[in-house]
Amino acid sequence: MADLGAETWIIHGTLMGWWWNRKIMPWDSDVDVHVSADTMHFLASYYNMTVHTSRTAHAPQGKNYMLEVNPKWINSSPGDSLNTIDARWIDMLSGVFIDITAVHRMPKNPSMMFCKDSHRYRGKQQEKVERITINELSGIHSIQLPKLGSGIQNLDDIAGEGFIRSQHLWHTRGLI
């Protein structure tokens, strides 16, 4: 996304996984990111249904990804529970995807921002998240995860999984 000029930041379970052990949570099946509404408009206007190749040390021959923007992304109402994902970055070989959700400013209160899944953010919180670097992620758990509160770093048992702090490892309860 950076190659397209699109700034993203991780959210939801993806951010929780990064907080605990820098990996995807064992029960999470995707990656979640936010973009600004302006960035989503840019992606929808110029890059919808385009294919991009990424070459890395793990895939020197390259992997193809398609950016698919939901035609209803512009509808920012949380009223449609089946329309909460604005776009997806899809691995064309495996089908694994990254969910992309736009963050909008509230018309009656521009210092507040929201996304379709009913999460709300105060302007200064979101601006901090927009400027975040990978090394700073451990400091923003109370901003992005308000439903779990500021004690998120103390939760060691979620969805039947336990966290072994000394190993920075999640495991299924009863298997270890």
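Start with rings: those of Phe, Tyr and Trp (its six-membered ring) count as a pair if their centres lie within 6.5 Å, with planes under 30 degrees apart called stacked, over 60 edge-to-face and the rest tilted. Before you click, note that this is a predicted model, where local features need pLDDT of at least 70 and side-chain atom pairs count only at pLDDT 80 or more, while totals for chains, interfaces and linings use all residues. Residues are numbered from 1 along each chain as its sequence is written, and side-chain values use heavy atoms, with hydrogens and water left out.

**Stop 1: the aromatics**

Select Phe42, Tyr46 and Tyr47, which make up one aromatic cluster. The structure has three aromatic pairs. In one of them, the ring centres of Phe42 and Tyr46 are 5.6 Å apart and the planes meet at 50 degrees, so this pair is tilted. Both sit in helix H2 (residues 37-46), and being four residues apart puts about one helical turn between them. Helices here are DSSP runs (H or I, at least four residues), as are strands (E, at least two), numbered from the N terminus.

Buried means under 20% relative accessible area, exposed means over 50%, and partly exposed is in between (1.4 Å probe, protein chains only). Phe42 is partly exposed at 28%, and Tyr46 is exposed at 60%.

Next, pick Tyr65 and Trp89. Their rings are stacked, 6.4 Å centre to centre with 5 degrees between the planes. This pair links distant parts of the chain, with Tyr65 in strand S4 and Trp89 in strand S5, 24 residues apart. Tyr65 and Trp89 are both buried.

**Stop 2: strand S6 and its partners**

Colour residues 97-106, which are strand S6. Which strands pair with S6? Two strands pair if DSSP finds at least two bridges between them.

- Strand S2 (residues 31-36) runs parallel to S6 over six bridges, and Ser36 has Val103 as its bridge partner.
- Strand S5 (residues 87-91) is antiparallel to S6 over four bridges, with Ala87 opposite Ile100.
- Strand S7 (residues 109-114) is antiparallel to S6 over three bridges, with His104 opposite Phe114.

Look at the connections too. The S5-S6 hairpin has five residues between its strands, and Gly95 in that turn has a positive phi of about 85 degrees. The hairpin from S6 to S7 goes through two residues.

**Stop 3: Phe97 and Arg88**

Stay on S6 and select Phe97. What lies over the face of the Phe97 ring? It's Arg88, at 4.0 Å from the ring centre; a charge sits over a ring if NZ of Lys or CZ of Arg is within 6 Å of the ring centre and within 35 degrees of the ring normal. Phe97 is partly exposed, at 25%. Apart from neighbours within four places in sequence, Phe97 is in contact (heavy atoms within 4.5 Å) with Asp30, Val31, Arg88, Trp89 and Ile90.

The term covers a side-chain nitrogen of Lys or Arg within 4 Å of a carboxyl oxygen of Asp or Glu. Arg88 is partly exposed at 29%, whereas Asp99 is buried at 5%.

**Stop 4: the other salt bridges**

The structure has three salt bridges. Go to Lys63 and Asp91, where the closest N and O atoms are 2.8 Å apart. Lys63 is partly exposed at 30%, and Asp91 is buried at 5%.

Then select Asp86 and Lys116, whose side chains meet in a salt bridge at 2.7 Å, N to O. Asp86 is in the loop between S4 and S5 and Lys116 in the loop between S7 and strand S8 (120-122), so this bridge ties together parts 30 residues apart in sequence. Asp86 is buried at 0%, and Lys116 is buried at 1%.

A polar atom of its side chain lies 2.7 Å from the backbone nitrogen of Ala102. Beyond the four places either side in sequence, its contacts include Met40, Glu68, Trp73 and Thr101.

**Last stop: Met49**

Finish in the loop between H2 and strand S3 (50-54), where you'll find Met49. Check its phi: the value is near 65 degrees, positive in a residue other than glycine. Met49 is partly exposed, at 46%.

Key: Polar contact = N/O pair within 3.5 Å; in protein donor to acceptor, adjacent residues only side chain to side chain.
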